[in-house]
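Q: Hi! I have a structure open and would like to talk it through with you. Could you start with whatever term we'll need along the way?

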Amino acid sequence: MTYLSINENPKNFNNNTYMKKVSFLILIIHSSFYFAQDIPKERVVNIVSTLASDEMKGRKFGTPENDKAAEYIASEFKKDNLDYCFGDSYLIPFEYKGQKGFNVCGIKKGTSEKSLAFSGHFDHIGTNNKEGDNIYNGADDDASGIATVIGIADYFKNKKTDYSMVFMAFNAEEIGLKGSKALSENTNLTPVFSNITALFNFEMLATESQFGKNAVFMTGDEFSDFDELINKNAGNGLKVYPDPYKNEQLFYRSDNVNFVKKKIIAHSISTVDMTKATHYHAVNDDIKIVDAENLTNIINNFAKTIEKLNTKNFTPKYNDKVNFDF
Ligand SMILES: [Zn+2]
């Protein structure tokens, strides 16, 4: 910002040519910021703290606050100029055990009909009846994943891409992956899902991974070449590690699995250190535990990685180790 000190010299103030040069310089600096389009940390913090606020009361499926969270995500999808996945709304209703709720789905058209999909779940586990802090804010689980999905939509808002992009926020994950199941089985979406080349499901990215910063792990790494292809194109040193918690069977325990059933390449991506995550399904999973710097870097670096992918250089495949019937 050196041009400011130039302005401070009163001799230069009436010099028209000089001012034109300065204005031009300011314009260039502004444009380069604009085209860089990195998602600012404040934006990430804003999304996570909106979803993880006490007013959202833990976003439990079947509550008005859960609907409110869905509407908030839909409004962000609108700001990012996404199209509806079908019909005339981002909000796609479903019913589970007599209770109604919404999944959220938006799409950005690319040159190709083929798409990459990005997802996370926005529901969490509500509140308890104890004294004191009794709200499960779910900042990490999984407001961080939704911030990643919206962050990627922000990043590509004014960019043309080869792949189309599908953005999904699932409901009712915490009661057994019910929202993603309903959405994956919704026949109105068959044209959308039949074009998905790969789904990135973001699940708990708010804390530093056991591999350090700017690093994530991926579930089901042994079943496809997805991680190898991502690492080959990784932006800014982002690294995808194999799942270090294989005994937990995380590949089959998150929303990606409802798309694995459809034989779509679908992995969950996370940073959570399962050996010491004391905030997991606890009331202290709130904004205070979020490493916003690292989360923002990961979102931007995923976006930069995805920016390099096209229908020719990125066509991940399952190998024969994967199990489709479970
Ligand atoms: Zn959870």
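A: Happy to! One cut-off first: a residue is buried if 20 or more other C-beta atoms lie within 10 Å of its own, and exposed if 12 or fewer do. Also, please keep in mind that this is a predicted model.

Q: Good. Is K57 buried or exposed, then?
A: K57 has 20 other C-beta atoms within 10 Å, so it counts as buried.

Q: And where is K57 found?
A: It is in the loop between α3 and α4, the latter being residues 64-79.

Q: What about the phi of K57?
A: The phi of K57 is positive, about 45°, although K57 is not a glycine. For context, most residues other than glycine have a negative phi.

Q: Which loop holds M204, and what is its phi?
A: M204 lies in the loop between β6 and β7 (215-218). This residue is not a glycine either, yet its phi is positive at about 65°. M204 has 26 C-beta neighbours inside 10 Å, so it is classed as buried.

Q: Let's zoom out. How many helices and strands does the protein have?
A: There are 10 helices and nine strands. The protein has 326 residues, and 43% of them are buried. As for contacts between residues at least 6 apart in sequence, 80% join residues at least 24 apart.

Q: On to the core. Which residues touch the most other members of the largest nonpolar core?
A: Those are V48, L51, V104, I146, V149, I152 and M168, out of 75 residues in that core. Helix α5, residues 139-155, supplies the largest share of the core, with nine residues. In soluble globular proteins, nonpolar side chains tend to be buried together.

Q: What does M168 touch?
A: Leaving out residues up to four places away in sequence, M168 touches N103, V104, C105, A117, S119 and L183.

Q: Back to α5 for a moment. How does α5 pack with α10?
A: Their axes are 9 Å apart, and α5 packs on α10 (residues 292-307) at an angle of about 45°. The two helices are therefore oblique to each other, and the crossing is right-handed.

Q: Which residues make that contact?
A: From α5 you have S144, A147, T148, G151, I152 and Y155, and from α10 L295, I299, F302, A303 and I306. Sorted by class, the contact of α5 with α10 has eight nonpolar residues, three polar ones and no charged ones.

Q: And how do α3 and α10 cross?
A: Helix α3 covers residues 41-51; its axis comes within 9 Å of that of α10, and they cross at roughly 105°. That makes α3 and α10 roughly perpendicular, because angles of 65 to 115 degrees fall in that class. On the α3 side the contact uses K41, V44 and V45, while α10 brings A292, E293, L295, T296 and I299. The class count for α3 with α10 is five nonpolar, one polar and two charged residues.

Q: Which peptide bond is cis?
A: The one joining D141 and D142 is cis, with omega about 0°. D142 has its place in helix α5. Most peptide bonds are trans, and this is a predicted model, so I'd look at that spot on screen.

Q: Last one: where is S194, and is it buried or exposed?
A: S194 is in the loop between α7 (190-193) and β6 (196-202). This residue has 12 other C-beta atoms within 10 Å, so it is exposed. The C-alpha atoms of S194 and E113 are separated by 9.9 Å, with the two residues 81 apart along the chain.

Methods:
Residues numbered from 1 in each chain as written. Predicted model: local features only at pLDDT ≥ 70, side-chain atom pairs only at ≥ 80, totals over all residues. Core = buried A, V, L, I, M, F, W, Y, C linked by C-beta atoms within 7 Å. Helix = DSSP H or I, 4+ residues; strand = E, 2+ residues; numbered from the N terminus. Contact = placed C-beta atoms within 7 Å. Axes fitted to C-alpha atoms, helices over the stretch in contact; angles between N-to-C directions. Parallel < 35°, antiparallel > 145°, perpendicular 65-115°, else oblique. Left-handed = near helix turned anticlockwise from the far one by under 90°. Nonpolar A, V, L, I, M, F, W, Y, C, P; charged D, E, K, R; others polar.
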